[in-house]
Structure formats: C-alpha cells, structure tokens
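Dear colleague,

Please find the structure below, handed over for your records. A summary of the findings follows it.

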Amino acid sequence: MHEASAQPVVHRHAPPQGFIRKYVFSLDHKVIGLQYYGLALAAVFIGMVLSWLMRIHLGWPALPFPGLNKLSPNGAPGGLMTPEYYLSLMTMHGTIMVFFVLTNAPQAGFGNYFLPIQIGAEDMAFPRFNMMSFWVTFLAFVVLIAAFFVTDGPPISGWTAYAPLSAVGRDAGPGQALGQTLWGISIALFCIGQLLGSLNFISTTLDLRTRGMSLARMPYSTWAWFVTSVIGLLAFAVLLPACILLILDRVAGTSFFIPAGLVVSDKLQPHAGGSPLLWQHLFWFFGHPEVYIAILPSIGIVSHILPSFLRKNILGGARTVVGSLIAFGFLSYMVWGHHMFLSGMNPFSAILFSVPTLIITIPATIVVLLWLGSIYGAKIRFDSPALFCLGFISLFISGGISGFFLAQPSIDIQLHATYFVVAHFHLVMAVAAIFGIFAGTYFWAPKMFGRMMNETLAKWHFWLTFIGVYCIFMPMHYIGLAGNVRRYALFNDDYMIPMNPVHKFMTIAALATGAVQLIFLYNLFHTRFWGKKAPDNPWESTTLEWSTPSSPPPFDNFGGKYPVVYRSPYEFVEGGAADYVIQTSPVEVGTH
Amino acid sequence: MTGKLFGLLVAIITIVSTAFFVMHTWWLPQDISTHGHGVDHQLNETMIGTGILFVAGQLVLASFVWLYGDKKDGRKIKSFPGGAAVMVTFAIILVGIEILVLTFVGSRVWASAYIAPPPADAMQIDVAAEQFAFYFRYPGPDGKFGVIHPEMANDANGNYFGLNPANDEAARDDVVVGELAIPVNRPILLTMHSKDMIHSFFVPELRLQQDIVPGLTVPIHFTAVKTGKYEIVCTQLCGLGHYSMRAYLEVKTQDEFDQWLKTQSGD
Amino acid sequence: MSESEVALGHAAVMEEPAYALPPKKLTVWLFIISDSLTFGSILFAYGYLRVGSTNWSTPFQFPSILNGMIMTFVLLTSSLTMLGGVLAAKAGRKSVTVRWMGLTALLGLLFAALHLREWSHMIGEGWRLFQNPTGGSVQFGAAFFSITGLHLLHVVSGVIAILVVAIGFNRGRLTEGHVETTGLYWHFVDVVWMFVFPLVYLMNAAR
C-alpha cells in the first residue's frame, strides 16, 4: 500500500487560506498552541499586576495608591484599598493564575504545539475540537474578566470559593453577587474547554504516532502531556458539576452547600439541609489533581530539555521517568483530604489522607534524584534553557520540602492557613512551574519562530528572577511558622505586627522581580519579529520536532512526508561527526 | 564560569535560608498547652529530617553544576555509578522510613488532640463565630446551656447566640462575653458554632486550630498550663472583615477566673 | 475521507492505534469515562446530603414507580433497537439502519415525554429544586431534578445525535463507524439510567 521511504500523505485538511482561517479560527495545532500561549501570557501579566497591588497594600497599607481610586472608586476610595477589594484582587489573582496560566501554558500551549510533532503526526486527531477548546477557554477568560466590571465587583471568596460564602449570594457581602456567579460560569466553561483538550491529546497520543514511534520511544514531554490529559479528563469532570451546583445554590434557591439556620447580614437565609463540606470534597477532589496538572508538564518539559544540555539521557530513561509521572498521577487522586484536615470532617480520615500524601514524596524524590544523577558526569552547556531547568530543580526541591510538613496533620494544626502554605504552593506552582514554561520558551523559540532569542537578555532574566523568587517566597516560610495568617488584608493582630517589615521586604522583591519579567517580554517580542535566524536544530537535540524541514514547521509539520522513527529519544554517542543521534536516523552514528 | 556562578548562588541561598530556620529568627511562639509539645516535637523532627534533605539536595545540585560544565576538553561523559536503581532504592527506603516514623508518631499527636474524647471533668464553654467576631458562652450556676434559636439572633441587642431567656429557663443564667477566659491547668471543652460562614479558631500558643462549620457543632478540647493573654484569630476566609476577626484568650488562676465569672454574671 | 479512515489508512506509515481503537471510538470511550465521573459526582452529592439528612422524603407511590419501570423498559428497548441499527450499518444496509435508528430516536423521545409528564405532575404538586410540599427535606427536589435533569439532557442530545447520524449515514456522508460510536453513547445513557432509577426512584419509594 504505502512504501516506507516514499510516504505520500493524504492531508487531513488543506493548507488554510486567508487571515481569519490562518490566525484566528485556525485548525492548525501550532497556531492553537500559540493562541493558548498568548492567552496565558496576557493572563500572567494581569495576574502579576494584581499581585503587585496586593503586595503594595500589604507592605504599606496606609499609603494611598495614586490612580487606584479612578480604577475602582468603590474598591479603593482615595487610593486606599478596602479589605474587600484586597480579597477580590486575591481571588482573581488565584483564579487567573491557576486556571488560565498554569493549566494553559505548559499543557495546552506547548502540548498543542509540540505533541503532534514529537510523535510524527500531521495534526491533532480532532482539529475542529481543538479549535473549539481554545475558543471556549478564551470565552471563559472573558467571562471571568467581566467580573471586574460588574457593580458589586469581583468575588472575594478566594480561588477555592468555599461555601457558604460563595453560595449564599449577595447577602454575604461585596463581590458575592453577580461577580461570584460569573466566576462559576467562567470555571464551568473552562472545564468544558479542558475536557475537549484532554480528549484530543489522549486520542492523538494513542492513535496518531508515526511508524517506529512506540509508546516507549515518546519523549518525556509527550508522556507528561499525555498523563496530564488523563488526570484532567477525570478531574475537570468533577469540577464541572460542582460549579453547576454552586450556581444553582446562588440563582435557583437550592441548598446543596448551605445548611439551615444561617443568619447573614442579619437576614435568616431560606436554605436548609446542605453541607459546606460537600463543596470542599467536590472541589478538592478536582483541586488536588489540578495542581499536579500544573506541575507535571513542567516536569516533563524539564526532563525533555535537560538531555540536550547535559549531552546524556536522564538517568533511568523512559521507564523510571514515565513510571514516576504515572505514580504522581495515580496518587494525586487519593490525597484531596489533606486540604481538609481541620475542616470538621472526621479526624480519623486525616490520618488516612496523610499517608498517600506522604507517599507522593517518593516519586517526587525519585525524579529529583534522577535529575541530579544525570547532571553527574555530564557536559553541561549553559544556554538559557538549561539554566531555567537547573533553576527548576532547585525550586522544586525547596517547594517540595515544605509540602512534607503540611502533609502531616499534627504539624498542619499549626501551619494550616498560614503563610507557610502560601510559600509552599507558590514555590512549586508559581515559580517552579513557571521556570518550566520559561525553559520551554527559550528552548522551543527557535523552532516556533525560526529565530534565536537573545542569550544575554535571557541570562539576565534568569539570574535576576532566580534570586528574586527566593527573596519573595523564602521569607513566607518563616512568618508562617510564626503564625502569620493568610488571606488577611491587614496584619493588625498584636503578634503579627512585628512581621510587617518582612512583608515590606517581600513587596520590594516582588516588584523588582516583576519588573525583570519585562526583559523576557521584550526578548520574546523582539525575537518573534526581528530575532537572528535560527538553524533547524540549534541545540543539537534528538527528538522529532528538530527534524522538521523548516522552522517554523510547514503547515503539515513534516512537509509532505511522515517521518519514520528508528530509535529512542535522547541517544547520545561518542565518536562520529556529532555526539547525538536524532530519532529518525536509521544508524546509530552521530550526524548533524 | 556560568556553572560556578550557579553553584555558588544556590549554595549561598541554601546557607542563608537554612540559617534563618536554624536561628529561629521567626519561630513559633511559646507553647502553653499540654498536647503542644507533641506538635513541636513533630515539627522539629521534620525540620531536621527535611532540613538535611534540603541542604544535601541543593548542595549536591550546586556542586554538580559547578563541576560538570562542558570544558570542551574532550572528557568522556560519566554515568552515575549504580544507575537509576540506586536512586529509586534510596528514595523508597529513606523516604519510606521517614514516612513510617513520622506517621506513627504524628498520628498519636493528632489523635491526642482531635480524636481522643475530652476528659470527663472538662469545663464546657460554648463558642459562636460570626462575621466578624467570636462570642463565648458560659452555662452559669445551673450548669446548663440554653437552646440556640438562629432566627432570634440579634447583634444589635447583644443576643449573639439567639437565646430565648423569656421561655427557656436554662438560658437565663448563661453568661455571654467577647473574650475567652479560662482557668489555668483545667481541661476545657469548646463547642463551636457558626452563624453564617465557615470560620476558624486558632491560638498559636495553644497549638490548636479548628474550622467552625455552619450547620455543625464542632468540639475541641485542650488544657492551658500558663496564665496570660493570647490572641484567637480567625483563619478561614469569611468575608471582608476576616483580617479583623479576633478575640483574646485569657488564662487566669482559678481564683481570678472565679472572680471574673462572678463579675460577668453580675451585670 | 473521514478522519478515522485517514488515520487507519496509513497503517504502513503509522503505529497501530493503541488497543486497536480508532480515534473517534476511543474519544467516545474517553468521554464516557469523563461523563461517568460527572454523574458520579452528582450522585455522590445526593448520597452525602441524604445520609446527613434527618427528614428525607420518600414520596414515590406505586404509579410513579410503575412509570419509572416503563421508562426503564423503553430505554432498554431503545438500546436493543440501536444495536439493530449498528448491525445493519455494519452489513451496509442503509434503509434498515435508518429504520432501526429512527425507532431508537422515537423510543428516546417517548422516554423524554414520560419523564417530562412526570416532572410536570410533580411540579404541579409543589415540588421544586428548593421546595418539598410534604414538608420534608428540600434537598429531595434539588437532588431529584438535578440528577434526572442532567440525564434528560443526555437523552435529548442523544436523540438529536441519532437523527443526525441516521440522516448522514443514509446520504453516504457518514460511516458505520459513526453509527457505532453513536450507539456507544446511547448505551452509556442507558447504563446511567440503570443507576439513576434505583438510587433516585426505588430508594425513595413510599414505604
């Protein structure tokens, strides 16, 4: 039927014509991946600005912020932030960052772009679903941002939206009217977008691999995107009904999450029979796998990038790395109660949830040790992707270690709801995962844009950000141990007043580190339009994306041919013209 | 050069951060409870165990990056002796042991505070949490608490608990105050309710924290061993006044407490 | 050429699909797994609230249970007729396929009609998402209408899908693969009902 060497392709869709088809309603996974990445970029800057406002307020609460009263006359009269405004900034910051940045960029962004290419496919299995999933996500983002502009303002219940605060409606205070309902609708739409995406990723990975690309020969990043999609398929399927039930409580008079006898703002609420703990169970059953959705792609991306800069494979190879990813995914479903140790649920269950939570430390330790063991004896090339990967390792160690404390109920008694928790999740999610995204950007920019990013700027970006994030988040551990409570708009309690200087320090670090990100933004945009032309395989890497006939790849990725794969990814050899063997090479000799 | 800079930076960050942990520059406040030493012990053990892993991990990273830059000298690439098997085994055994030990000891600490029932002679105090204050209720000389009627709660009249003294005899002598006064060295049982949102009761010095869920009555118990005034802070986001929701725990001698209670009942 | 054909037609240049499942069928299975968790969550919420309730109602008298049994029979039969359609499609007999699928859609609509009639009867008695005319827990209405409503939504979308695919298959635009995956979805909707009927109806039968 088809011969191995001449592989004519029946294109599943013709090359797009016209601006709208090419760049707006595109079916091309590469364009969709960049659209997701662009959405995440916009979201991260909005989320970051929100965090700057929060940190300035926490550092200098008595200082009027010029112009803020114009932005929000109710929220910041005279430029001084009201507590509810602070809480609404915090809620939107968390929601935007967790959903629209961390679930988007490393998975939907890079995954959409590179998964088909890394397995030798022409596109995703369902390009129309793919396009739909992006636009549904975009719609979700618009609905969320709309909450900023409604009369009562955005919700104040945190990204976790605990009931009854989130469920009783406007009696609960500012932000809890239309803003909270819009939040619910936005997240429900987001779930649908993610589910469509997961269906695509899983079926593409299982069904569209080119000849020779067995599951064992897939790059670590592909495996990570695959495992993350499986987790997402199950997790978002639970958040969707939870949000719908929450919306019903708010608009249809149901009481899923609201017990009887509540008196809010002096009004007896007409609800009965519901349970606030039910919301927590449903939310965290989604919420814990969600944070693994946030970190696993970066773990995959870092594991994928490192070999090119160590000139050797990760210790243990596919079996151990992929085994750890799968262990993470599996265990992530058994631990949700560790967010609820003190919630009022049966205290015996705290012990039950604590055990698998601690056991997750094992695959986490394994991957860190594998990375360290790979660096041993390597020949490290210190380009910017490598620096961000190495920085990731350090940050993942730091962030992971604090988890070990919180996993134990006896210690969580003291650290729950303090800045220790804030330190933990920011280090693993906000910092480590973002370093994974940076590493991916610097690594894949030559392929996506056909241009090299400026290495000098990239290195400045790295050093200053690396120092900056430690300055912001390391002190949070200390004040958390001292009992600094989180989600507070001000620290007026006697024992917290002495910690205010630490807050000032962290604010300055946050603003400085935020400013440094402008270097990245400038570098990214300058490169996209005016960067130096990149060779096809600038990092001398081994996987299929570096075998495309052009950068950026042609619309069908491989220019009219399907590649044939002869070997595992990450093969490096001694002798020969080069020290690496690309996956499409039939012979095990290093050639450029 | 880059590798050395990275190694140096990571080493400095590690040493500085660890120093602040070791020096207890910011640390837990004093422990005034009977069960708290268990929590502190667990925390310290974990701090040491993870501290070693933290320092070792970061310094290994730092030194490997320092040592293994590509010096373009044609040196052969080395593989870690023992391969992945060493890493996997080490991780499973080391972390596995830590998990077992910490879980075994930690469960007892947890159980002593949250699963074990309160002593039979514990003094029961009723707690009402609402947006944005805590109120405390003592049963008065009859030793009985009046029934709570949520629809009768009226902050303006000071009827925070929704009591009905006109029709409920047990409610008539209930003492309702805004501070939690307790006698030292006496087991205390708090039965906590919320009127509106989920709140949380946290006293860092007591090593005790518990969410107060509307629709449930949540019990916690403890014994304080040192007199003094300590802060109770709300730790579950409950609305715009969450940051200002606090009360004071006043641990008094038995005599001082009796005197205090008499004064409160008087007015 | 359909996407699954293209994907499989390149067997010589691509790896065998895992578990020999072509993309569209695999995707419907994945959707089913995901949707099971969605139904599972809402059934979990129902169970959680019911166990915690002190005044749960069990209002279904025999006529309601009989109605439910008829609805179950109708839905089970529709799965059989759907199966008939799939077999006919595989044998390439277009008009027979369309007849079986048409019958399936009709049975689905009958199910929906019986369901809506029951709903309107209950609403007439005073049942709402937030109201229980017998004075028992208001959670009954919330659980009942949300669970059966979600299922009904799946039934109606299924009927629409069956009609669209039947017409498409008849005109030659769609393949037996499409008929099969639609059948798969329809069987799933049936299986969900086999959970909903006992948990929501039988467990709330008047004693």
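Predicted model: local features only at pLDDT ≥ 70, side-chain atom pairs only at ≥ 80, totals over all residues.

Residues are numbered from 1 along each chain as its sequence is written, and chains are lettered from A and ligands numbered from 1 in the order in which they are written.

Chain C contains 6 helices and 0 strands; helices (H or I, at least four residues) and strands (E, at least two) are DSSP runs, numbered from the N terminus. Its C-alpha trace spans about 65 × 35 × 20 Å along the principal axes. Of its 207 residues, 42% count as buried, meaning that 20 or more other C-beta atoms, placed from the backbone, lie within 10 Å of the residue's own.

Two residues are taken to be in contact if their C-beta atoms, placed from the backbone, lie within 7 Å. On that basis, 36 residues of chain C are in contact with 39 residues of chain A. Helix H1 (3–9), helix H2 (23–51) and helix H5 (139–170) of chain C each supply at least two residues to this side of chain C, and H2(C) gives the most, with 15 residues. The residues of that side comprise 23 nonpolar, 10 polar and 3 charged. Here Ala, Val, Leu, Ile, Met, Phe, Trp, Tyr, Cys and Pro count as nonpolar, Asp, Glu, Lys and Arg as charged, and the others, Gly among them, as polar.

Of the 2 pairs of chains that touch, chains A and B have the most contacts. No contact joins chain B and chain C, and their closest C-alpha atoms lie 11 Å apart.

Chain B is assigned domain 1 (2–70 + 79–114) and domain 2 (123–266), with bounds from an automatic or database domain assignment. The C-alpha centres of these two domains lie 39 Å apart. Their contact takes 11 residues from domain 1 of chain B and 10 residues from domain 2 of chain B.

In strand E6 (residues 199–203) of chain B, 5 of the 5 residues are buried. B:His199, B:Phe201 and B:Val203 lie on one side, and B:Ser200 and B:Phe202 on the other. E6(B) pairs with strand E7 (residues 208–212) of chain B in the antiparallel sense over 5 bridges, where pairing requires that DSSP finds at least two bridges. Within this pair, B:Phe201 stands opposite B:Gln210 in E7(B). The hairpin has 4 residues between the strands, and B:Arg207 takes a positive phi near 55° there.

Yours sincerely

Notes
Buried ≥ 20, exposed ≤ 12 C-beta atoms within 10 Å, placed from the backbone.
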